[in-house]
Amino acid sequence: MTLDKFRPYISRFLDPFVKGFDRVGMTPDGVSLVAFGMAILAAVAFLLGGRADPIWYVAAAALVFLNGWLDIIDGALAREQNVASAGGDLLDHVLDRYADIVVIAGLAAGVGDYFLGFLAVTGVVMTSYLGTQAQAVGLDRVYGGLVGRADRLAIIGIVGFLAFPLSGEYGGLTLIGWLLVFLAVVGHLTALQRFYYSWSALE
């Protein structure tokens, strides 16, 4: 179950933003770069939330949601401008992976738990890799599994907002620490789900 399947239903909410970006001359690649910039700022805010003041977690959460929203808009803008291309799709996916990596790096650096960060980022990267590797071996690109990118961004954003008022430790970890545990476990499980689906489809 992933939020990605609901993308077609929110298209009408995208129109004002798509038309606005089109009017000011933004390209889909430009929107993708702005989205990546939001991810970098979110990572810095997560770092500051853990090291300086938990109020930064609120800013980090808002920036994560902005990254996700812009990631939807860039594809819609490409269709609006009739410039959808393989190159644009490649850039979008590369920037999405780097965005995932820098956000998780910010989460891990903020709480000072780099081992959990390593487990989380490898789970997320493997989830994405298995989704595209299925396409490389002749199947459709796989978006399914326990948690897709849209779900992941929503969960990171929600936990980010909650991490400000609930800044204590729970079972030896902060909410951000438990978020890293969740991303690690569910990321690897989702990757294994996608591997099993692809392997079964090839038999």
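**Helix packing in a predicted model**

Analyst: In this predicted model, the α2 residues Asp 29, Ser 32, Leu 33, Phe 36, Ala 39, Ile 40, Ala 42, Ala 43, Phe 46, Leu 47, Gly 50 and Arg 51 are in contact with Gly 88, Leu 91, Asp 92, Leu 95, Tyr 98, Ala 99, Val 102, Val 103, Gly 106, Leu 107, Ala 109 and Gly 110 of α4.

User: Is α2 roughly parallel or antiparallel to α4?
Analyst: The axes of α2 and α4 (residues 86-111) cross at roughly 5° and come within 7 Å. Angles under 35 degrees count as roughly parallel. The relation of α2 to α4 is therefore roughly parallel.

User: How many residues of the contact of α2 with α4 are charged?
Analyst: This contact has 16 nonpolar and five polar residues. The charged residues in the contact of α2 with α4 number three.

User: Is α2 roughly parallel or antiparallel to α3?
Analyst: α2 (residues 28-51) and α3 (residues 56-80) pack with axes 8 Å apart, at an angle of about 165°. Angles over 145 degrees count as roughly antiparallel. The relation of α2 to α3 is therefore roughly antiparallel.

User: How many residues of the contact of α2 with α3 are nonpolar?
Analyst: Four residues of this contact are polar and two are charged. The nonpolar residues in the contact of α2 with α3 number 23.

User: In which helix is confidence highest?
Analyst: The chain averages a pLDDT of 90, and 94% of the residues score at least 70. Confidence is lowest in α1 (residues 11-23), at a mean of 83. The highest mean, 97, belongs to α2.

Note on methods
Residues are numbered from 1 along each chain as its sequence is written. This is a predicted model: local features need pLDDT of at least 70, side-chain atom pairs count only at pLDDT 80 or more; totals for chains, interfaces and linings use all residues. Side-chain values use heavy atoms; hydrogens and water are left out. Axes are lines fitted to C-alpha atoms, for helices over the stretch in contact, and angles run from 0 to 180 degrees between N-to-C directions. Helices (H or I, at least four residues) and strands (E, at least two) are DSSP runs, numbered from the N terminus. Angles under 35 degrees count as roughly parallel, over 145 as roughly antiparallel, 65 to 115 as roughly perpendicular and the rest as oblique. Ala, Val, Leu, Ile, Met, Phe, Trp, Tyr, Cys and Pro count as nonpolar, Asp, Glu, Lys and Arg as charged, and the others, Gly among them, as polar. pLDDT is the predictor's confidence in each residue, from 0 to 100. Contact means heavy atoms within 4.5 Å.
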